[in-house]
Amino acid sequence: MKESAILNQLKGVLPPHIMEIIYFRYNQIDSYLKPYNLPIKTDILLLALFTLVFIIISKLVFGSSGNKTRSVGGRANNDKKVKRGNTIVILGLSNAGKTALLLNLTNVDKKIATHTSITTNNGAYITENKKKLSVIDVPGNGKAKASLPKILSNSACIIYVIDGTTFIDNSTQEAQYLYDILTNESVYQKKIPVLIFNNKMDLDSTIDTEQVTNILERELDDLRRTRGATPIVLGQEEDKKDIYLGIEGTPFQFDHLPNDVQFSNGSAAPSKGELKEIEDIKNFIQSTIL
Ligand SMILES: Nc1nc2c(ncn2[C@@H]2O[C@H](COP(=O)(O)OP(=O)(O)OP(=O)(O)O)[C@@H](O)[C@H]2O)c(=O)[nH]1
């Protein structure tokens, strides 16, 4: 039996029956290699081969787990390849209080009047951690709405403002606008978070936010069935993909959407008294920063 320093060392730690097998294989390999007269000892060669096999196996095992970690990040990305923009988009029907909210959230020149806007109003919002986000308020009427798909594609989050004093009369129109927003490709695929803000709570004639939620869910449920026949409000969307809101065969609920849709109420510009801090909105914005 051929002697080898490595085998002698193994002899000290391995049981005799295992050593027997190792010796047998060793001698077999040694006899195979002998005719080649290699300038390297069989045990060194085997050790090198064993190390190589060990490296390959650990690469496969740990290398793939490394990939797994990447794919978790990847999954977050794959998770609709989320790469949202950095604009807080304020939307809603005319007179809802969008510009009032923009003024409240930003430190823009308060000279921007809270009367019917024709073009978008812009400002900057500084988050708790000093991140600067642009804020845009898109008028409820007019040409600015045509540029909405582009604005939405760069949105970080959406605040949809409702005039709580006129909601009952305007609920269908509100739902139609929301439907267009929620079925917008960017909003749907990037799962842009939406906050529905029931505004003008300082006035007596406002509606309870729970009621707003229920009415909107009912209206959106109807719209899912009839929408094919209704004109698209956001315009220029001939190639708009078919996006079905919620779960087919189940009454529509905001919970069924891929987006996080939250509700809140308050006053963007109370007619009397102190300007109420709109903490819910600020918390919402903070929670949407990726
Ligand atoms: N009482 C009260 N009035 C508000 C509140 N928010 C806004 N308003 C008033 O509602 C009116 C409309 O507000 P805007 O901010 O101009 O509304 P908007 O949504 O920007 O309207 P458009 O520019 O037409 O799209 C103004 O007279 C505001 O002062 C609120 O919280 N309480």
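Predicted model: local features only at pLDDT ≥ 70, side-chain atom pairs only at ≥ 80, totals over all residues.
Close-up 1. Residues are numbered from 1 along each chain as its sequence is written, and side-chain values use heavy atoms, without hydrogens or water. Local features need pLDDT of at least 70 and side-chain atom pairs pLDDT 80 or more, whereas totals for chains, interfaces and linings use all residues.

**Close-up 2. The largest nonpolar core.** Such a core is a set of buried Ala, Val, Leu, Ile, Met, Phe, Trp, Tyr and Cys residues joined through side-chain atoms within 4.5 Å, buried being under 20% relative accessible area (1.4 Å probe, protein chains only). The largest core has 34 residues, of which Leu91, Ile158, Tyr160, Ile196, Leu216, Leu220 and Phe254 touch the most other members. At least two residues each come from strands E1 (87-92), E4 (155-163) and E5 (194-199) and from helices H5 (148-153), H6 (167-182) and H8 (209-226); helices (H or I, at least four residues) and strands (E, at least two) are DSSP runs numbered from the N terminus. H6 gives the most to this core, with seven residues. A second, separate core of 20 residues includes Leu102, Leu195, Ile278 and Ile281.

**Close-up 3. Packing of helices H1 and H2.** H1 (residues 5-13) and H2 (residues 16-33) pack at an angle of about 165°, with axes 10 Å apart; axes are lines fitted to C-alpha atoms over the stretch in contact, and angles run from 0 to 180 degrees between N-to-C directions. The two helices are therefore roughly antiparallel (angles over 145 degrees). Leu7, Asn8, Leu10 and Lys11 in H1 meet Met19, Ile22, Tyr23 and Tyr26 in H2.

Technical notes: Buried < 20%, exposed > 50% of the residue type's maximum accessible area, 1.4 Å probe, protein only. Parallel < 35°, antiparallel > 145°, perpendicular 65-115°, else oblique. Contact = heavy atoms within 4.5 Å.
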